[in-house]
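Subject: Structure for you to look at

Hello,

Here is the structure that I said I would pass on. Please open it first, then read the notes below with it on your screen.

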Amino acid sequence: MKFMLTTKVVGVDTSGNGVKLTVEPASGGDQTTLEADVVLVSAGRTPFTAGLGLDRIGVETDKGGRILVNERFATNVSSVYPIGDVIPGPMLAHKAEEDGVACVEFIAGKHGHVDYDKVLELSIHILRLHLLVKLKSRLRHLVLSTVLGSSLSWQTVVPRRLMMLKG
Ligand SMILES: Cc1cc2nc3c(=O)[nH]c(=O)nc-3n(C[C@H](O)[C@H](O)[C@H](O)COP(=O)(O)OP(=O)(O)OC[C@H]3O[C@@H](n4cnc5c(N)ncnc54)[C@H](O)[C@@H]3O)c2cc1C
C-alpha cells in the first residue's frame, strides 16, 4: 500500500471502466494520474469564508481562509466575533459550541473559557464509547447465538429462553 500524503485529488474520470484520478501536490505542482477500480473516500474540509465579503470590511484571515481571532474571539474589526469552523482549531461540533458560549460571555464583558484539550478528549471518549457499545452489542449477540444455538436477536431470544426455563 502506498500513502500519498500532502496530495490532493483535482479530478475524477469515471467515463471508462474503473476510475481515473488526477492528483497533484497540495501546494501545487506536476499532476499525475492514478487508475483504480473504485474510490472509497475522497474528502476534506476547509473553512467556508470565501464570498462572505470579509475582505470588503477588512477582516484578516490566514492563508487557509480561517478568520484570525485573539483569545477573546475578537477580530481586527470591532463587532466581528467569529467562532467554530471558520477560526483556527479543530473543526468539531463540540468545539464550535464551546466557542459560541465563551464568545458570548466575552462580548457580555464576563469571563469565557474553552479548554481545547478537554474538547478533543471528549471527542475521543465519545468515539471510544460508541465503538465499545457497538462491540458489546455484537459480543452479546454472538454469545447468545452460540449458547442458545440460535441466530435470533437479543430481544426475541431472552423472552423465549425465560419461557423455556419457567416451563
Ligand atoms: C459529514 C460531517 C460529519 C461531521 N461529524 C462530526 C462529528 O461526528 N462530531 C463533531 O464534533 N463534528 C462533526 N462534524 C463537524 C461539525 O459539523 C462542525 O465542526 C460544526 O458544525 C461547526 O459548527 P459551526 O457553527 O462553526 O458551523 P456550521 O455548523 O457549518 O454552521 C454555520 C451556519 O452558517 C450558515 N451560513 C453560511 N454562510 C452564511 C451566510 N453567508 N449568511 C448566513 N448564514 C450563513 C450555514 O448555513 C450554517 O447554518 C462533521 C462535519 C461534517 C461535514
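Helices (H or I, at least four residues) and strands (E, at least two) are taken as DSSP runs and numbered from the N terminus. By that rule the protein chain has four helices and three strands. Their pattern along the sequence is β-β-β-α-α-α-α.

Two notes on the source. This is a predicted model, in which local features need pLDDT of at least 70 and side-chain atom pairs count only at pLDDT 80 or more, while totals for chains, interfaces and linings use all residues. Residue numbers start from 1 along each chain as its sequence is written.

The sheet

Two strands pair if DSSP finds at least two bridges between them. The three strands make an open sheet in the order 1-2-3, with antiparallel pairing. Strand 1 (7-13) and strand 3 are the edge strands, each pairing on one side only. From one strand to the next, the twist averages 30° (axes are lines fitted to C-alpha atoms, for helices over the stretch in contact, and angles run from 0 to 180 degrees between N-to-C directions).

Strand 1 and strand 2 are joined by six bridges, and Val-9 is opposite Val-23 in strand 2. Between strand 2 and strand 3 there are five bridges, again in the antiparallel sense. Here Thr-22 is opposite Thr-33 in strand 3.

The hairpin of strand 2 and strand 3 has six residues between the strands, and Gly-28 in this hairpin has a positive phi near 95°. Ser-27 is in the loop between strand 2 (19-25) and strand 3 (32-36). Ser-27 and Thr-6 are 21 residues apart in sequence, and their C-alpha atoms are 7.9 Å apart.

Buried and exposed

A residue is buried if 20 or more other C-beta atoms lie within 10 Å of its own, exposed if 12 or fewer, and partly exposed in between; the C-beta atoms are placed from the backbone. Of the 167 residues in the protein chain, 7% are buried. Is Ser-27 buried or exposed? Ser-27 is exposed, because it has 7 other C-beta atoms within 10 Å. Strand 3 has five residues and the number buried is zero, so strand 3 lies largely in the open.

A nonpolar core is a set of buried Ala, Val, Leu, Ile, Met, Phe, Trp, Tyr and Cys residues joined through C-beta atoms within 7 Å. The largest one has six residues: Ile-67, Val-69, Phe-73, Ile-83, Ile-87 and Cys-103. Two residues are in contact if their C-beta atoms, placed from the backbone, lie within 7 Å. Neighbours within four places in sequence aside, the contacts of Phe-73 include Ile-83 and Cys-103.

Glu-105 is in helix 2. Glu-105 is partly exposed, because 15 other C-beta atoms lie within 10 Å. With neighbours within four places in sequence left out, Glu-105 is in contact with Lys-110, His-111 and Gly-112.

The ligand

A residue is near a molecule or strand if its C-beta atom, placed from the backbone, lies within 6 Å of it. Which residues are around the ligand? They are Leu-52, Gly-84, Asp-85, Met-91, Leu-92, Ala-93, His-94, Ala-96 and Ser-123. Helix 2 (residues 93-107) gives the most to this shell, with three residues. By class, the shell has five nonpolar, three polar and one charged residues (Ala, Val, Leu, Ile, Met, Phe, Trp, Tyr, Cys and Pro count as nonpolar, Asp, Glu, Lys and Arg as charged, and the others, Gly among them, as polar).

Regards
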